[in-house]
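Have the structure open as you read.

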Amino acid sequence: MQDELAKRLSQLDRAINRATDQLGLEVKQAQLTELEEQVARPELWHNPAQAQALTKQVANLKAIIQPWRVLRAQVADAGELIEIIDDELVDEFAGQVKSLEQSFTGLKQQLLFTGKYDQGNAILRLSSGAGGDDAQDFTAMLERMYLRWAEQNDFETDIIERSAGEVAGVKTEVIEISGAFAYGWLRSEHGVHRLVRLSPFNAESRETSFALVEVLPDIDRPDDIQIDDKDLRVDIYRSGGKGGQGVNTTDSAVRLTHLPTGIVVTIQNERSQIQNKAKAMEILRGKLATLQQEQHVASLDQLRAGDSAGWGAQIRNYILHPYRLVKDTRTKHEEKNVDAVLGGNLRGFQLAYLESQLGNKNKEGR
C-alpha cells in the first residue's frame, strides 16, 4: 500500500506542476514581488487611491499564490514521510493523501478562469425591470443572494450605491466585491434574471418580474481602459439623500456620459465630488471593458453605441409557483432547492457556465 500511496503522491506532484505552469504562477510571483516593493515606498501613500488599488492587487495575488505554495510543500513533506512511516500509520496516511488530492481538485478550478479580468475584483450592478413592486422585491432577493454568496466564499463587499423602492425592495444598486477571482466567478451572473411566483403585493396572483444583473470588472490599472477626455461629458449636480446634517447642501453627485457609446454612470453616495467621480470612472471603465468583450473588438474606438447584452433574453429563471426550480437557460443547469440558491449557493451554476465557456474556446481553437 505504501508503494501505491507513493505513486499517487508522485502523480499529484506532477499535476500540481502542470497546473501552476498553466496558471503562470512564477509570473504572478514576480508581479507580487514588484507590487510589494511599490507598496513599501512611503511616497506611494501620497496618492491614497493608487495605494489602495495596489494593495488590493497584492492581496489578490497572495490569495492565488499562497494556497498552491502550501499544497506543494505539503505534498513534498508527504513524499518524504511515506518512506519512513510504520505499517500501523499507513491507513491514517492514506487519509492525508486523499485530503491533499481533494485540495488539488478545489484549487484546479482556477484553470477555468481564462478571461483577462477573471482574477480580479468585480462590480455588481442590479436594476429592477418589468414587474413593478415585484421586480423591486426580486432585485432585493438577488441583492441578498449575492451578499450571502460573497460572505460564504470569503469575499469582501462594499455597497457603493443603493436606491430603495417606494413600497419594497431595490430599484438600483451597485456593490463592489473584492477578492481573488471575484469577477471570474460572477461572470456567470451577467444578464437578465426572471422570477415567477405568487405575488405578495397583488392579492396572491401569479406574477412574472425581471431584474438586470451587470457584472463588471473592477479595473485596478486605469491604463488598461483609457478614456479620451473629448469622449466624456461630466455633469455635476446636487446629491439626493434621506436628510440630516450636511445632506443636499453641496453639488457632489456626478454623472458621466461616454459620448461614443451613450453609456451613463451616476454616483452620488460618496462623501465628495472627487470620490464620486473616481468611483463613477471605475464603473465606466468596467462597463466599457465588458462592452469591448461582448463586441469582440480590439479597442474602444471600435465600440458601437447601443450594442450590449442589456435587457435581452433572460439567462436564468427562478420558478417559485406552480413548482420550485431554478434553471439556467444557457447551460441548462438546474437546481430544485430554490431556497439554497437564493441563500447564496451558486457554485453549480457558476461551474457549469465556466466549463461551457472553456468548451466553446477549445472548439474555436481547433
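## Helix packing: H3 with H4

H3 and H4 cross in a left-handed way (left-handed means that the near helix is turned anticlockwise from the far one by less than a right angle, right-handed that it is turned clockwise). Before going further: this is a predicted model, where local features need pLDDT of at least 70 and side-chain atom pairs count only at pLDDT 80 or more, while totals for chains, interfaces and linings use all residues. Residues are numbered from 1 along each chain as its sequence is written, and side-chain values use heavy atoms, with hydrogens and water left out. Helices (H or I, at least four residues) and strands (E, at least two) are DSSP runs, numbered from the N terminus.

Two packed helices are described by the angle between their axes and the distance between the axes. The axes here are lines fitted to C-alpha atoms, for helices over the stretch in contact, and angles run from 0 to 180 degrees between N-to-C directions. For H3 and H4, the angle is about 155° and the axes are 11 Å apart. That makes H3 roughly antiparallel to H4 (the label applies over 145 degrees; under 35 counts as roughly parallel, 65 to 115 as roughly perpendicular and the rest as oblique). On the H3 side you'll find Pro67, Trp68, Leu71, Gln74, Val75, Ala78 and Leu81, meeting Phe93, Leu100, Ser103, Phe104 and Leu107 of H4; contact means heavy atoms within 4.5 Å. Sorted by class, this contact has ten nonpolar, two polar and no charged residues. In that scheme, Ala, Val, Leu, Ile, Met, Phe, Trp, Tyr, Cys and Pro count as nonpolar, Asp, Glu, Lys and Arg as charged, and the others, Gly among them, as polar.

## Helix packing: H1 with H4

Helix H4 (residues 90-107) also meets helix H1 (residues 2-23), with axes that come within 11 Å and cross at roughly 15°. That makes H1 roughly parallel to H4. H1 passes H4 in a left-handed crossing. H1 brings Gln2, Leu5, Arg8, Leu9, Leu12, Ala15, Ile16 and Ala19 to the contact, while H4 brings Val90, Phe93, Ala94, Val97, Lys98, Leu100, Glu101 and Phe104. The split by class is twelve nonpolar, one polar and three charged residues.

Asp13 is also part of H1. Its relative accessibility is 31%, so Asp13 counts as partly exposed (buried is under 20% relative accessible area, exposed over 50%, partly exposed in between, with a 1.4 Å probe and protein chains only).

## The whole chain and its core

Zooming out, there are nine helices and eleven strands in the chain. Its C-alpha atoms fill a box of roughly 75 × 60 × 50 Å along the principal axes. Of the 366 residues, 44% are buried. Among contacts with a separation of 6 or more, 65% link residues 24 or more positions apart.

Which residues have the most contacts inside the largest nonpolar core? They are Tyr146, Ile177 and Tyr318, in a core of 89 residues. A nonpolar core is a set of buried Ala, Val, Leu, Ile, Met, Phe, Trp, Tyr and Cys residues joined through side-chain atoms within 4.5 Å. Helix H3 (residues 48-81) supplies the largest share of this core, ten residues. Apart from neighbours within four places in sequence, Tyr318 touches Phe138, Leu142, Met145, His193, Arg194, Leu195, Val196, Leu325, Val326, Val341 and Leu342.

## Arg162 in strand S2

Arg162 lies in strand S2 (residues 156-164) and is partly exposed, at 37% relative accessible area. Setting aside neighbours within four places in sequence, Arg162 contacts Glu143, Val170, Thr172, Glu173 and Asn269. Arg162 and Ile175 are 13 residues apart in sequence, and their C-alpha atoms are 8.5 Å apart.

The peptide bond from His321 to Pro322 is cis, with omega near 10°. Pro322 sits in the loop between strand S9 (314-319) and strand S10 (325-328).

Asp154 isn't a glycine, yet its phi is positive, near 65°. You'll find Asp154 in the loop between helix H5 (132-152) and S2, exposed at 72% relative accessible area. Phe181, not a glycine either, has a positive phi of about 70°. Phe181 is in the loop between strand S3 (170-178) and helix H6 (182-186), and is buried, with a relative accessible area of 5%.
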